[in-house]
Amino acid sequence: MSVDNNNKFMRSVRLRESSCQGCINCIKYCPTQAIRVHNGKAHIIDKFCIDCGRCIRYCPHHAKIPVYDPLSVINNFEYTVALPAPSLYAQYNNLTNVDIVLNALLKLGFDDVYEVSAAAELVSEASREYIKEHMDETPFISSACPSVIRLIRVKFPSLISRLLPIKAPVEVAAEIARARAMKKTGLKPEEIGIIFISPCPSKVSYAKAPLGIEHSNIDNVVAIKDVYPLLLPHMKHDESQLKPLSHSGRIGIGWSNAGGEVGGLLVDNYLAADGIVNILRVLEELEDEKLHGLTFVELNACNGGCVGGTLTVENAYIAMTKTKRLTKYQPVSKNHLEDNPEIRNMYWADDVEYEPVFRLGNTFKESLKMMSYVEQLTAMFPGLDCGSCGAPTCQTLAEDIVRGEAAPNDCIYVLRSNIADLSRRIEALTQGKKAGSPLSDEEDELLNRYIRELTTELASFGVPGTQR
Amino acid sequence: MEDQLIFTYIIDGDDFTRAGEASSSVKNKLKMLGVSSEAIRKTAIAMYEGEINMVIHANGGTITVTISDTDITMVLADQGPGIPDIDKAMQEGFSTAREEVRSLGFGAGMGLPNMKRFTDEMEIDTVVGQGTTITMKVNL
C-alpha cells in the first residue's frame, strides 16, 4: 500500500471500491463533508479530508481502509528501531510491566526500541516551560493529534496561532532514536529504519507530509493491530528474564488516554475533549471566544484519545483503564530535557498555514456571486438532507453544483418535478391531438423534444449519478 | 446593488442555548467567501454579543446581515424594552440583566462595549417601550 509523498492534502484512508455499496453512511458521518457518492461509489475529496478515520469506523461494508505499512518494512533497513505508542501497552490484558512488550518487540525482529512515552515526557516538560513563558497568549491548543492540526488549518484560521508549536511525542522519539542508533552502530541515517507502531492512520500521513516541520524522522508506520497478535507468543512474563528497557513514567504512558496530555502539564484551567464531533464544537466555541479562562485545550480526534484509534484492537474505554492500572505505581516522570542532548530543538520549524479549501471562488467577488447561486439552489431543494444525490446535505449539493461538480437533477426531488412538468406538457399537446386538431409541425417538433427529454431524465433513475 | 448578499435570521427569545447559531452560520458563510480571519472574528464576536442581548433583554428579534465587497453590515432589530440611557449602557460592566441570567455567566455588562470594540461603525436607534435597532458595520 504505497502513498504519495509530499502532498499537503495526502490522506491515509482509501476506498476499497469493490466493497463500496454506494450507500450514504460515510457522507453523513464525515465531519468535514469530504465524501460524495457518485456513480454508486464513494469518493473522498482530498483537500477536505482531515484523516480522522470516522468513515473507517462507520462504513458498514468496510469499504474505507486505513493506509499503513506492512511489518515487512523492517527488512528494508540495516538496523531498525521500534517506536511503540503507549496505546500499544493498553491492548494487553494483565500487563504488569512494559518491559514484557518491549522485549517481545526485540524478539519480533527489531534491533532496538525507543518508547514514544519517554519522548512524551520531554514534550510535556517543554510544553510546561513554553506555556509558562507565554501565559499572555493562552489558551494553547495541543498539536499532538495530526487530525486536529489538519482540521484547524482548513476550518479555523483564527486558531492556528493557538496551536502549541512543539513537536509531537512520536517525532521527538524518532529524532532521539535515530541519533542514538547512529551513535551505537556507526551506520548512516538512511540505513536505520525508525518504525512507529501506531494506533491510527493519521500518523501515516503525518510521517509523509508533516505539518510544523519539513521532514519527519519516522520512516514507516505500522499498525498496532498487526503487531499486537505477533507479539503475544514472544511475551514472557518472568520478569527476571527481561532486559530492562522501559524508561517512562506515569505522564508519558498516560498520553495514550484522553486527558493524558493535560495531566502532564500541571495546569488547573484546562479543557480536554475527545471525539471529532466534540472537538469541532470546542473549536467553534474557542473561535467565538465563548470559552474563558483556559490555559490549555487538549483535543483528540478519537473517542478516549489515542487508545481509540482505528488501528487498535481493544475497546477504547477498557484500554483507558488498563493504562491507568499499568501506571498506578510508576513514578510521575522519568525523562528530562537536560538528559537528552540528542534532541536539539523541541519546537516547530515551520508555520502551519491556513488552507481555505472551503472557499467557493478564487476572489471575493466571484465567491459572492457563487454564494448567491448556492442560496438560490438551496431554496429550491427540499431541505431533507436525504443524501440521495450523493452529497451529505442540500446545502453541500448546492455548493457542488456551483463548483461545477454536480447538477441540479442529482436531486431526486428536482428530477421528479422536472419529469412531472414534462409529462404535463406532453399531455397538453396530445390532448389537443386527441380532440381532433392535428399538431402543427412546430408542435410536433416540441412533442418529440419533450419525449426525448423525458426519456433522458427517466434513464437517469436507478443508478444515482449516471446522468453526468 | 448587485454584488451583495442578504441573510435574515429570526432570533428565538426563549432559548439561551441556541443563541450563537446565527453568528455561527454567518461565520461559516464568510469563510466560504474567503473573508479575512480578522474580519470573520470581529463579525462573529459582535454578532454573538448582539444575539445574546436580544435573548436576554428583548425576547428575541431579527438580524439582517448584508455582505458586500466593501463591508459586512448587521442590523439587529427587536421589539424589546428599549435602552433608556445609551451612555450608561455603553459603560463596561453596566448591566440590567436579571440575576438568573447572570448566574449563567451572561450579563457581565460587556455586550454593547464589545459590539462597539469589534466593529468599525455602530449605531443605536432605540425607543423606550418600543424596541431597539442596532446597526453594526465591519469593513472588509
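Which residues in H1(B) meet which residues in H2(B)? In this predicted model, B:Ala22, B:Ser23, B:Val26, B:Lys27, B:Leu30 and B:Lys31 are the ones from H1(B), and they meet B:Ile40, B:Thr43, B:Ala44, B:Met47, B:Tyr48 and B:Glu51 in H2(B). By class, the residues of this contact are seven nonpolar, two polar and three charged.

Let's look at how the pair is arranged. The axes of H1(B) and H2(B) lie 8 Å apart, and the packing angle is about 165°. An angle over 145 degrees counts as roughly antiparallel, and H1(B) and H2(B) are therefore roughly antiparallel to each other. The crossing in which H1(B) passes H2(B) is right-handed.

Now to the meeting of the two chains. Here 18 residues of chain B are in contact with 16 residues of chain A. On the chain B side, helix H1 (21-33) and helix H2 (37-58) each supply at least two residues. The table gives the classes on that side.

| Class | Residues of chain B on the side that touches chain A |
|---|---|
| Nonpolar | eight residues |
| Polar | five residues |

Over in chain A, helix H6 (residues 146-155) is worth a visit. H6(A) is mostly covered, with ten of its ten residues buried. Those buried residues are A:Pro146, A:Ser147, A:Val148, A:Ile149, A:Arg150, A:Leu151, A:Ile152, A:Arg153, A:Val154 and A:Lys155. Their cover includes three elements of chain A: helix H8 (202-208), helix H12 (276-287) and strand S11 (296-300).

Key:
Residues are numbered from 1 along each chain as its sequence is written. Chains are lettered from A and ligands numbered from 1 in the order in which they are written. This is a predicted model: local features need pLDDT of at least 70, side-chain atom pairs count only at pLDDT 80 or more; totals for chains, interfaces and linings use all residues. A residue is buried if 20 or more other C-beta atoms lie within 10 Å of its own, exposed if 12 or fewer, and partly exposed in between; C-beta atoms are placed from the backbone. Helices (H or I, at least four residues) and strands (E, at least two) are DSSP runs, numbered from the N terminus. Two residues are in contact if their C-beta atoms, placed from the backbone, lie within 7 Å. Ala, Val, Leu, Ile, Met, Phe, Trp, Tyr, Cys and Pro count as nonpolar, Asp, Glu, Lys and Arg as charged, and the others, Gly among them, as polar. Axes are lines fitted to C-alpha atoms, for helices over the stretch in contact, and angles run from 0 to 180 degrees between N-to-C directions. Angles under 35 degrees count as roughly parallel, over 145 as roughly antiparallel, 65 to 115 as roughly perpendicular and the rest as oblique. A crossing is left-handed if the near helix is turned anticlockwise from the far one by less than a right angle, and right-handed if clockwise.
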